[in-house]
Amino acid sequence: MEDDSAKLWNHRFKQEGAVWGIEPSPAAVKAAELFKKKKACGILEVGCAYGRDVEYFRREGFEAVGIDASEEALRLGKKLFPKADLRLGSLLNLPFKDASYDAVYGFFIFHIFTSTERKKAFDEMMRVLKPGGLLVHSVPSEKDEKFGPKGTRGSEGKYFTKKEIREMLAGMTEVEITEDLVNHTHGGTHIHADIYFTAQKPN
Ligand SMILES: C[S@@+](CC[C@H](N)C(=O)[O-])C[C@H]1O[C@@H](n2cnc3c(N)ncnc32)[C@H](O)[C@@H]1O
């Protein structure tokens, strides 16, 4: 990890350890139901941190791989979840072949990027998805009470509207976008407004 954002993440994991606890995120539990229904087995989690959701997918019987750009996160993940397949790498340049996953999943990763990076990240996720593969993410909503010029979540940035997500998913099918109040587990349990979306890459 060379850039400043990467250094910040390494620092955060070194200081705070398992920042979001070791239980799966609510989005992972919902996503697993969809993956089962759609018979998606090979799952890639982007920005997996120390792997709490990868571990959950693994325990649920999926072939789950997680990728994260923080060595510190992965070091922690190897201790917490020795059986989870966690790898070092960037969502902006995924080290995987085209069409290699049934689903790409991310929980609170997409919003940390600039708009140029988000385009690159989206293209990369589409590249590694098989035709008919699923894209599932949870991202912060503009309806969150922390949204605004002074709203911060550590090094995290972008808050989304459903319209922006719909535009980003324009080329996909089976698009579903929901906005909900969701329990988060960093700094004690509390509630954020999140957008959860699922979409299918055209066949
Ligand atoms: C908010 S955290 C994700 C939390 C995680 N999904 C969870 O809930 O357990 C954002 C993660 O993105 C990682 N990250 C930052 N830049 C990245 C990149 N270019 N590619 C992959 N991961 C990256 C950070 O190291 C951090 O673990």
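## Helix 4 and its cover

Helix 1, strand 2 and strand 3 are among the elements that cover the buried residues of helix 4. This is a predicted model. Which residues of helix 4 are buried? They are Glu72, Ala73, Leu74, Leu76 and Gly77.

An α-helix has 3.6 residues a turn, so residues three or four places apart point the same way.

## From strand 2 to strand 3

Strand 2 spans residues 63-68, and strand 3 spans residues 85-88. The two pair in the parallel sense, over 4 bridges. Look at Asp68: Leu88 of strand 3 stands opposite.

How does the chain get from strand 2 to strand 3? What lies on the way is helix 4, residues 71-80. This β-α-β crossover is right-handed.

## The nonpolar core

How many residues does the largest nonpolar core have? The count is 54. Ile43, Phe57, Ala103 and Val104 have the most contacts inside this core.

Take Ala103 as an example. Leave out residues up to four places away in sequence, and Ala103 touches Phe35, Ala40, Ile43, Gly133, Leu134 and Val136. Ile43, one of these partners, is also on the list of residues with the most contacts inside the core.

Notes
Residues are numbered from 1 along each chain as its sequence is written. This is a predicted model: local features need pLDDT of at least 70, side-chain atom pairs count only at pLDDT 80 or more; totals for chains, interfaces and linings use all residues. A nonpolar core is a set of buried Ala, Val, Leu, Ile, Met, Phe, Trp, Tyr and Cys residues joined through C-beta atoms within 7 Å. A residue is buried if 20 or more other C-beta atoms lie within 10 Å of its own, exposed if 12 or fewer, and partly exposed in between; C-beta atoms are placed from the backbone. Two residues are in contact if their C-beta atoms, placed from the backbone, lie within 7 Å. Two strands pair if DSSP finds at least two bridges between them. A crossover is right-handed if, with the strands pointing away from the viewer, the path from the first strand over the helix to the second runs clockwise.
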